[in-house]
Every structure is written in structure tokens, then in C-alpha cells.
Amino acid sequence: MELLPRSPGDFGLAWYWDRFFRQRGQRPFEWYGAFPELCPVLYKYVRPRDKVLVVGCGNSELSEQMYDMGMCEDIVNIDISNAVIRQMQERSGSRRPKMSYMLMDMLQMDFPDAQFQVVLDKGTLDAILSDEEEATLVKVDRMFAEISRVLQVGGRYLCVSLAQAHVLKKAVEYFSQEGWVVRVHQVASSGDKQQFVLPVFVYVMTKFRKIPGSAPQILEICPEEQDKPMRVESAERLVAAVKDRQHYALLCNQLSKIPCGEQVSLDLCDKESGKPRYTLHVVDSPSVKPSRDNHFAIFIIPQGRETEWLFGMEEGRRQLATSAGFRRLVTVALHREQHYEGMVGIQAELSGKVMELAPPGLPARQQVPFLSVGGDIGVRTVQHCDTSPLSGEYVVEDVKGDSSCYFRRLIFLHNRNVVQSEARLLAPMPPPGQKKRRRDKKKPSPAELPTAIDKSYLCCEHHKAMVAGLCLLGGPDPLPGTPLAVLVVGLGGGSLPLFIHDYFLEAHVAVVEIDPSMLEVSTRWFGFFQDDRMRVHISDGLDYVAKLAAEAPAQYDAIMFDVDSKDLTVGMSCPPPAFVERPFLQKVKTILKPEGVFMLNLVCRDAQLKESVLATLREVFPLLYARRIEGEVNEILFCQPSSEGQQDATELGARAQVLEGALRQPGRPWDSSYVLADMLQAVKIL
């Protein structure tokens, strides 16, 4: 039986609906759900003494149920289909004496002005506004004008809709320009199988007298999980907010039916501010054998650890899910701008929402475990936040690592999952004569957290590799007592130049940094300083190197580039593309001593672009070594201007061992996990 129209325009024709209801018979046809789903919203806006007009009533049971439940009795139902009006008159008959059914076109109603307190529309606007042709828009304007005419001031137009973007935008723009208050409710799902995958919305347009001039628009949205409306600033933002909820519903429907081949991510936002509060990744592990208790789990990532490979990279999360032994794992990252009331509070807040992401086949009443590292949510203390004209918004924060250690990090918020700079903090020493407090599990207060920087520790693996690369310098033994001229382009927190300054006592370090804000941050928060052996030059690295090449060639033993790119559209986040163009690399070679070494931190996800960069480097530097940083995208390239003295990984490891022995002096702190030889034994010659 064919019930669909030949064209969308047929939705507005009486003959189509006559045929539709004759063929369908007595069975009620419910557009977008039934009374149980809609009644929580309807109860807010329909009072028992209201006079209600239902436009395009069809043979829905909604009016009958509103009447029978005592919500309202003075209800007038109209429709352009004579067949359905006769059907409904027969069905209601004398059982509902105060409710009537009338054959009438809502585009030209016979009612006097201001006759009703409520106009209820369930799917009618969606049927009429099936396209954006001019004739359709004219028809919708007539519909809205008639609704406005028959409503009293203070009356409500309640429109039940799937909220297609063009439908919502048209309704919101029309009524907000008329000075009405516009509020959009998302209808809570009953949990039963839905006729539509998309969520249902109710537009609530409250009529006010139009004020001459430009009165402010009042636009609000009420998500299904909260009663308090959220104000939005424009019709575009309201449409976007509805679209987000539609995408979420489609995603949940997809995840409830089949395992996801790729990891799915989404943000859950704070109800008050609208800012992201949780970032969720859904990870399926089909290789895990199913059992009763391993279908689904939630993993809360401790604050500050979301950048670690295990939690921040797709492959790491896949490994985490497999090792946890669950067929679906949802990882939850906590945002630094938000406050959390511990694991119990997070569990209470997320329990209902994460169940919408449950996998197919989850047993009924299955208890879903919340997991974490050590059972807590970690520690994050924001020490400083500001905005740089060059680097944008940034934050300096202290976080607890995977042991009892604390770390200070610099994060650029345009790329919030990447740690720009990191330093380990020293535990505070007790005052003389005071015993060290026994360690317990109580969360330390901010005053008890460590604040001094451990300058002996290089947190970043690529910095460790760069220091190890100094053993490539000419001479039989690369001892730290040898005079060195080092150029570092890119300051960040300053840990790399600080380490070279403190451990190579004859080194003179020049640092080039384009952003003066970074010099202030590194000095105030990361223990950086300048003296007669270490100076910072605020300049563009491109200009600084070009000027040196013209004025003072062959003056540096080592040149280190650790410069991030602000352009996130390029598949290379470090360095900016201009730093690896051949003319500029020729200038780098010019200021490097013949036996010197140029080190470059390369972060490139574009395989074709990476091969192009390596080819350009080979053209300029005859000898090229590469050291891949395990678990990261970083690759350190060691470039030398002469191919003489080429060494294999074993020889380089031996030289690094000699260098480390010289650096490990009595009374000088050295992190035992830092083995220079390990940094170079894995290099390969390109």
C-alpha cells in the first residue's frame, strides 16, 4: 500500500490526506511519538482552562489523551481532510463533549482574532515546509500569520518537530522578529524503539506585543536532561545547538547496533557555560572474547595525563582497551577549566549519559564499572593562564604523573592535547629539625605541592636525544669541558638550553624566540635565567639565521631547532615549513662549523611531505641520522655538513656512553632513567 506522496507539495493538499487516511483506516497515525513522551513538555505550557487549537490533527490520539488525562478539555481540532475529520468525530462522539473536530484550512481559518491561548502543531509544519521553494515559504508565512492572529498575547504556539535545519531556522527567525520568546525543548526518549532515530523537539513560541525598534531576541534551548533553559545569542547558534543533539542521537543509534570500526570521539559540555567538560572516546576491541562481565566499561583518565600516549593517541587507547579486557571501553578526559567532585561525583554525573553509548548485546541491568589509574582522578593545578598575540591562549599547570612525581606543563590551548614544555618539580624539603611527614593517601593541599624546578631532568624524549647528539661533534672525546657554541631556536619552557648550560660548563648558548611572552613564562614558571653564557634573542628564527649567515658564518658547533608551527592545516606541526626550505637550510649550514651538527625536531604526519623534507635535507647535508621517538610522532634528525667520519649506531652509542660518564659528576644530580647511549643506539643513517 503506497502512502507516500509523489512530491513533497502533496503534503499540503486535501486529496492526498483523504486518500492517506482512507487507506490507513482507523489505526492512529502518530507523527513523532505519542502522549507519554510529549506530556512532560505539554504540562509546562498547557493549563486546564486554556482554549487549545490543534492544527493538522489527523487521527492522532494526542488530543484525546490530553482530554482524558485532565490536561485540558476545551480543544478544537482542525484538518483539511474531510475523511479524517469524519473519522475523528465518530471516534470521539459524545465521550468528549467539550472537544470538537472541524474541517478547516489552517492557512485561512474562520476563527476570530485572539481566540486561543495555545496552538498545538504535531508534525504539520514539517509536512508543509518540505522544501525551500518560494511558493512553499509563502504558504508557511500564511500559516504563521494565521497562528499569530488567533493566539492571544501571552499565548503559546507549541510545534512538535524533527527540527530539520531549514524548518527550525524559518520558525525561529519569523517569530523572534515578531518579538516572541522562542524556546526549543528536546523531548526525552521513552527508551522504547523509536519510529525515528532523530530526537523530537518542541518549539515553544510565546506571543508578546511587538515593541517598535530593535528589541533584543530571547532564544533558549532546553536539553532533555535539564529543565533550566540555556540562552543562546542568535538563531544560527540555536540551530547549531539542535544539530549537535541530532548528531549525538545518530551516533548513539549507530553505536547501539554495530561495533565501531574506528574510534568515535565526542565532547560533553557544561550545562551552565556550554564549554567542554568531558571528552569521550569510544574504543571497541572485537578480539576480546565476550563474557558476561566484560562487555562495557568506562575509564576515567586522571587529570593532566590525557596527553600521554596511552590515553591521548588512538593506538594507545586501543592498547588500553585490549589490556583492560573489555569489548567496548569509553575513555573520559577531564578538562582543565572544570571542577570535579572526585570519582564518585563523576560517576554520578556520567552514569546516565554513557549508557547511551553502550554496545549491542549488553545484558539487561548489567553494572558498568568505572575504572581509573589508582582509583582517583589525578591532580591538576592551573598556575597561570594568559594570551599571547603570537601563540594565542596558553596555560601553565602542575599535574601529578604516574607515580608520586609532579610536573609543570606549558600548554597552548589551540592544541590542548600537546604538551609544549614540561619540567619535573622537586618535592619540598621540611624545615631544619622537622621530620618528614609520613606519606599517606590524603590529597595534598595546594600549599603542600612541589614548586621548585628540577633542572637536572629532561622530560621530553626529543630533548634527551638532542643532548645525546652532541657526542657527534668532532674530536676524540665529546667532553663537557670542551668550549661549545650552541644555537637553540625555540625557547618554550627553556629546559633544553638550561640543561646544556648547567652540564656543559664551557658552553655558550644563544636562544632565539619569536614570542616575548615565552621568555616571561620560562623565567617566571620554569626556572629559566640568563647570564654571560646564555642569552635570549627575541627575533624570528628565519631572520636571525639569515642575518648571521650574512655577517658571521661558521660560528656554531651545534644548532638545535625545536619550533612549533601555528598552522594546524599543514601535516607538519614542527617545524614551520619555511624552516625546512632549501635556501634557508643552506643558511643554517653556513653558520655551522664544518665539524658541527644541526639537530631538527620533526613532527610530520604527512608521509609525502615528510619524504620531501628528508630529500631536501639530504641535498644540503651529506650526512643524515634519524632517531624516532618511541610512542610519539617526533623524529630527531642529526645533520652534518660533511660525510667524513660517518659512524654506525654502535659507535655512536659508545661515544654517548663516554659523554654521559663525563656529565655524571659527583655532587651533580643526574636522573638514572636518562641513558645517553640508549638515545643513539637506535639511530639510523638516511
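Start by selecting helix H2 and its surroundings: the buried residues of H2 pack against helix H3 (62–68), strand S4 (116–122), strand S5 (151–161), strand S6 (181–186) and strand S7 (201–206). H2 itself covers residues 35–45, and its buried residues are Phe35, Glu37, Leu38, Cys39, Val41, Leu42 and Tyr45.

Now zoom out to the whole chain. This is a predicted model. The protein chain has an average pLDDT of 84, and 84% of its residues score at least 70. Colour by pLDDT and select residues 1–6: pLDDT is below 50 there, and the stretch has 13 contacts in the model beyond near neighbours in sequence. Then select residues 436–441, where pLDDT also stays under 50. For this second stretch the model has three contacts beyond four places in sequence.

With the cartoon view on, the chain shows 19 helices and 28 strands. Of its 686 residues, 52% are buried. Among contacts between residues at least 6 apart in sequence, 70% join residues at least 24 apart.

Next, return to S5 and follow the chain into the loop between S5 and helix H7 (165–177), where Ala163 sits. Ala163 is not a glycine, yet its phi is positive, about 60°. Is Ala163 buried or exposed? Its relative accessibility is 2%, so Ala163 counts as buried.

Move on to helices H15 (residues 541–551) and H16 (residues 582–591). Their axes come within 9 Å and cross at roughly 50°. H15 is therefore oblique to H16. The crossing of H15 past H16 is left-handed. To see the contact, select Gly541, Leu542, Val545, Ala546, Leu548 and Ala549 on H15, then Phe584, Lys587, Val588, Thr590 and Ile591 on H16. Eight residues of this contact are nonpolar, two are polar and one is charged.

In the loop between H15 and strand S23 (556–561), select Ala554. Ala554 is another residue with a positive phi, about 50°, although it is not a glycine. Ala554 counts as partly exposed because its relative accessibility is 39%.

Last, select Pro575, in the loop between strand S24 (572–574) and H16. What is the peptide bond from Cys574 to Pro575 like? The bond is cis, with omega near -5°.

Key. Residues numbered from 1 in each chain as written. Predicted model: local features only at pLDDT ≥ 70, side-chain atom pairs only at ≥ 80, totals over all residues. Heavy atoms only, no water. pLDDT = per-residue confidence, 0-100. Contact = heavy atoms within 4.5 Å. Axes fitted to C-alpha atoms, helices over the stretch in contact; angles between N-to-C directions. Helix = DSSP H or I, 4+ residues; strand = E, 2+ residues; numbered from the N terminus. Parallel < 35°, antiparallel > 145°, perpendicular 65-115°, else oblique. Left-handed = near helix turned anticlockwise from the far one by under 90°. Nonpolar A, V, L, I, M, F, W, Y, C, P; charged D, E, K, R; others polar. Buried < 20%, exposed > 50% of the residue type's maximum accessible area, 1.4 Å probe, protein only.
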